[in-house]
Amino acid sequence: MSITEDPDAGMTTLSEINVKHNPDSHGPEWRDEDVRGFGMAVGGRASVCRPTTVEQVADVFAAARRESTPIALRGAGCSYGDASTAVGGRVLDLTAMNRILAFDPQTGVAVCEPGVTVRDLWRKSIGYAFWPKVVSGTMAVSMGGAAAMNIHGKNNYALGSFGECVRAFDLLTPKGELVHVTRESDPELFHAAISGFGMLGCFTKLEIQTKRVHSGRLRVWGLVARDLDHNFEMIEELRGQADYLVSWLDLHGKGKGLGRGLLHRADQMQPGEDPEGVRYLDPLLQDVPTKLFGVVPKGWLWPGMWGAVQTRQVWLVNWLKFKAGYREERGSPYLQSHGAFHFLLDYVPNWHWMTKPGGLIQFQPFVPVAEAPRVMRRIIERCQEVGYVPYLGVLKRHRPDPFLMTHAVDGYSLAMDFAVSRSKSKRDALWRLCQELAELVLEAGGRFYYAKDAVLLGSSFARVHGEEAVRQFRELKQNWDPDHLMQTDLSRRMGV
Ligand SMILES: Cc1cc2nc3c(=O)[nH]c(=O)nc-3n(C[C@H](O)[C@H](O)[C@H](O)COP(=O)(O)OP(=O)(O)OC[C@H]3O[C@@H](n4cnc5c(N)ncnc54)[C@H](O)[C@@H]3O)c2cc1C
């Protein structure tokens, strides 16, 4: 492979790569590990291997072909459910392939190995006044995982999905071919591998466009939403102007307060608008603080939140947060670093441990705009009726994208985090509730996002994507992975 290793030397051209698997190589070790989704509620023991080179991935695929053993690809393991787990099987963890191979300071294009994280990317780009176009709520996500799931950010309605900033990728197919793919060279494979949840092969390199920023800070407003309709009204009104919009919902709010919350709007600075903010292009000033008031390690906060979950006091925490929203609104707008605005969840390391021992699942339906107010209201009411109220709700605006297995709609998503009980009957009841809610969504022409799913039934697969998209995807799978070597717990659950 010929590629310049010095990122500051400017952009390199990708040359054709000839990957040969080495029959004598012992390759990286396989270890027995506990491999779970981020929510910890699904997953289990699996044999894990962490390659460091494309050749090692090719070796693993060659062995899988010889032995007819399925392989599950895994990035940083940030999918909440079973998208990158394989209980009792083999998992190829790509996190050790984590070099940024090139970064062009003129254009903001980065060439990354698949294990490069969003954190690695922005730390590289911010000093050159570039920021990733699409980032998730945590910076731990890998480029391979982001492309495979076609992740979205708080600007999905404006800039689209992660796949829309991918210019090219190298895909090692389970047959052992390494293909360099662009939108133009193979539009079908380009639009199916991105969004294809690791079913068509392994991304071994991705070329990603970042965007120019003129300050290390954003101008942020906190806006109190009295109820669900107020949320929708404000988002529809602002989406033509705002760069980012995301609404936190207090899902314990009832009656007139149902769907109340706090909408955050953030806008990028125009050239010259924030001269002081240029200083914040220093990665050290972007990083999310790890200590509260500079003293208490934020990692110590989750036990307190654990107490709220266990004692069913989450409603109180949410109520206090909602009330605090009025103060934030009065103090708006204010300036915040990109890192602090985007990666709120990273403020509290290991926050998800507050749901131990049962863990959590996230359920994120996507509903077309005309149906969203009715369906989302019903979903919240139903959760309250059965007493299984999500401790966190996040409302976002989306737009469709051109990827085959897309989860996006011209509409809204509501991400809901449910703590999972250790009791089997309660856990089963939660799964049944989510499946009931999924029916409402599918009947309304909605979709689901596999990065956030643990409960959908296989019978929903064609209903989520449409018969034609599923037929095309299965045809591509047959073509690029005829032995069905790429499998995960998710793909088996959905009957891919
Ligand atoms: C706190 C938190 C906040 C989040 N916020 C958002 C958000 O705002 N928006 C959003 O869209 N998502 C969000 N997510 C979900 C996350 O962005 C996705 O689950 C993403 O896919 C995780 O990437 P990963 O590297 O952890 O991949 P994994 O979860 O390990 O894998 C995801 C999928 O990618 C496949 N895969 C991994 N590497 C490769 C590769 N090299 N080649 C081919 N396939 C591969 C896997 O097989 C799997 O199907 C959030 C997750 C967390 C934990």
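**Before selecting anything**

The model is predicted: local features need pLDDT of at least 70, side-chain atom pairs count only at pLDDT 80 or more, and totals for chains, interfaces and linings use all residues. Residue numbers start from 1 along each chain as its sequence is written.

**The whole chain**

Start with the protein chain in cartoon view. Its secondary structure comes to 15 helices and 21 strands; helices (H or I, at least four residues) and strands (E, at least two) are DSSP runs, numbered from the N terminus. The radius of gyration is 22 Å, close to the 23 Å of the globule rule for 496 residues, so the chain is as compact as a globular protein of that length. That radius is taken over C-alpha atoms, and the rule is 2.2 Å times the number of residues to the power 0.38. Along its principal axes the C-alpha trace spans about 65 × 55 × 45 Å.

Colour by burial next. Buried residues make up 50% of the 496 residues. A residue is buried if 20 or more other C-beta atoms lie within 10 Å of its own, exposed if 12 or fewer, and partly exposed in between, with C-beta atoms placed from the backbone. Among contacts between residues at least 6 apart in sequence, 74% join residues at least 24 apart; two residues are in contact if their C-beta atoms, placed from the backbone, lie within 7 Å.

**The two domains**

Select 7–213 together with 478–485 for domain 1, then 217–459 for domain 2. These bounds come from an automatic or database domain assignment. The C-alpha centres of domain 1 and domain 2 lie 26 Å apart. The contact takes 40 residues from domain 1 and 38 residues from domain 2.

On the domain 1 side, pick out α4 (156–159) and α5 (187–193), each of which supplies at least two residues to the side that touches domain 2. Helix α4 gives the most, with three residues. By class, this side of domain 1 has 19 nonpolar, 17 polar and four charged residues. Here Ala, Val, Leu, Ile, Met, Phe, Trp, Tyr, Cys and Pro count as nonpolar, Asp, Glu, Lys and Arg as charged, and the others, Gly among them, as polar.

**The ligand**

Now select the ligand and its shell. The shell has 33 residues, and the closest are G75, G144, G145, A148 and G198. The elements that give two or more residues are β3 (71–74), α3 (143–149) and β10 (202–212). The largest share, five residues, comes from α3. By class, the shell has 18 nonpolar, 14 polar and one charged residues.

**The nonpolar core**

Show C112, A147, I361 and M376, the residues with the most contacts inside the largest nonpolar core, which has 140 residues. Such a core is a set of buried Ala, Val, Leu, Ile, Met, Phe, Trp, Tyr and Cys residues joined through C-beta atoms within 7 Å. This core draws at least three residues from each of domain 1 and domain 2. Centre on C112: leaving aside neighbours within four places in sequence, C112 is in contact with I100, L101, L121, M143, L206 and I208.

**Helix α15**

Go to L490, in helix α15 (residues 489–494). L490 is buried, with 26 other C-beta atoms within 10 Å. Beyond its neighbours within four places in sequence, L490 is in contact with G81, D82, A83, F197 and Y450. L490 and L456 are 34 residues apart in sequence and 9.4 Å apart in space, C-alpha to C-alpha.

**Backbone stops**

Most residues other than glycine have a negative phi, and most peptide bonds are trans. The last stops are exceptions.

- S68: phi is near 50°, a positive value in a residue other than glycine. S68 lies in the loop between α1 (54–67) and β3, and is exposed, with 9 other C-beta atoms within 10 Å.
- S195: phi is positive, about 90°, although S195 is not a glycine. S195 lies in the loop between α5 and β10 and counts as buried, with 26 C-beta neighbours inside 10 Å.
- P333: the peptide bond from S332 to P333 is cis, with omega near -5°. P333 lies in the loop between α9 (314–330) and β16 (334–337).
- P357: a cis peptide bond joins K356 and P357, with omega about 5°. P357 is in the loop between α10 (338–342) and β17 (360–363).

How values were computed. A residue is near a molecule or strand if its C-beta atom, placed from the backbone, lies within 6 Å of it.
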